[in-house]
Amino acid sequence: MNTDESQHTGPDHTQPPPLPADHTPDSMDTTVTPPPAAEDVAPEPVEFIPVVPQDDSVIDEVLKHNATFAQTFDKGHLTAPPQRNLIVISCMDARINVQDALGLNYGDAHLLRNAGGVVTEDVLRSVIVSTNLMDTTEIMVIAHTGCGMMAATDDQLNDKMLWQYGPTGDCPVAFHTFTDLTAHVQKQVRTLKKHPWVPEKTVLRGFAYDIQTGKLSEISCRK
């Protein structure tokens, strides 16, 4: 996939990589934790002693809820194609409840979420399946104010990871950071428009979600 990110040139391991001094949204932790000094590393235990958790993990808690949920579940009749022929591409930010914000119910839409609401290769894969095999005809692309992907550049995030974990064959990673919310949404819509396997008849519209008010504002994506 073609991206606008610059090539990564590698970190300076003599000191932590620089990160932005301002504009750090609540949703992103850009704190750099240096690797521990050799003398601070605890020796490996001689024998394994299993740790028994004192409290349930979050996963244990949601599994308990699911057991109750399944007892009265009555949506098994729904079909895989969304009832309202809609795809929503949005950020994974936990502060955004897409169904509530858009008035969507079970089975109404396909929801595709990732960091920044980016039309990545995998999002395109799902869009192609949905529009060609499951009768979806409309797509909403939603970005939001205070997005964590606006807090740093791709180079800064890659440097942070390299500082913490050391060099690997998997870096640099395309994090798809951005600074202009409007331009970001327009770019995602253009990516969808130009793909030959996304039907031309598909309705494509972009929006900005205000994290403080919950209001959607449409962004012009005609170009």
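A residue is called buried under 20% relative accessible area, exposed over 50% and partly exposed in between, with a 1.4 Å probe and the protein chains only. By that scale Tyr106 is partly exposed, because its relative accessible area is 48%. This is a predicted model, in which local features need pLDDT of at least 70 and side-chain atom pairs count only at pLDDT 80 or more, whereas totals for chains, interfaces and linings use all residues. Residues are numbered from 1 along each chain as its sequence is written, and side-chain values use heavy atoms, with hydrogens and water left out.

Tyr106 belongs to one aromatic cluster together with Phe69 and Phe73. Rings of Phe, Tyr and Trp (its six-membered ring) pair if their centres lie within 6.5 Å, and planes under 30 degrees apart count as stacked, over 60 as edge-to-face and the rest as tilted. Two aromatic pairs are found in a search of the whole structure. Phe69 and Phe73 make a tilted pair, with 5.4 Å from centre to centre and 50° between the planes; Phe69 is partly exposed at 31% relative accessible area, and Phe73 is likewise partly exposed at 42%. The rings of Phe73 and Tyr106 have centres 6.5 Å apart and planes at 70°, so this pair is edge-to-face. It links distant parts of the chain, since Phe73 lies in the loop between helix 1 (58-71) and strand 1 (86-91) and Tyr106 in the loop between helix 2 and strand 2 (109-114), 33 residues apart.

Helices (H or I, at least four residues) and strands (E, at least two) are DSSP runs numbered from the N terminus, and two strands pair if DSSP finds at least two bridges between them. Strand 4 (residues 203-209) has five of its seven residues buried, so it is largely enclosed by the rest of the structure. Strand 3 (residues 138-144) runs parallel to strand 4 and is joined to it by seven bridges, with Met140 standing opposite Arg205 in strand 4. Strand 5 (residues 216-219) runs antiparallel to strand 4, with four bridges between them, and Leu216 in strand 5 is the bridge partner of Tyr209.

Tyr209 and Leu216 are also among the residues that line the largest cavity, a cavity being a set of points on a 1 Å grid over the protein atoms alone where a 1.4 Å probe fits but cannot get out, with lining residues having an atom within 4 Å of a point. Helix 2 (residues 98-102) gives the largest share of that lining, three residues.

How values were computed: On a 1 Å grid over the protein atoms alone, a cavity is a set of points where a 1.4 Å probe fits but cannot get out, and a pocket is an open set with protein on both sides within 12 Å along at least five of seven lines; lining residues have an atom within 4 Å of a point.
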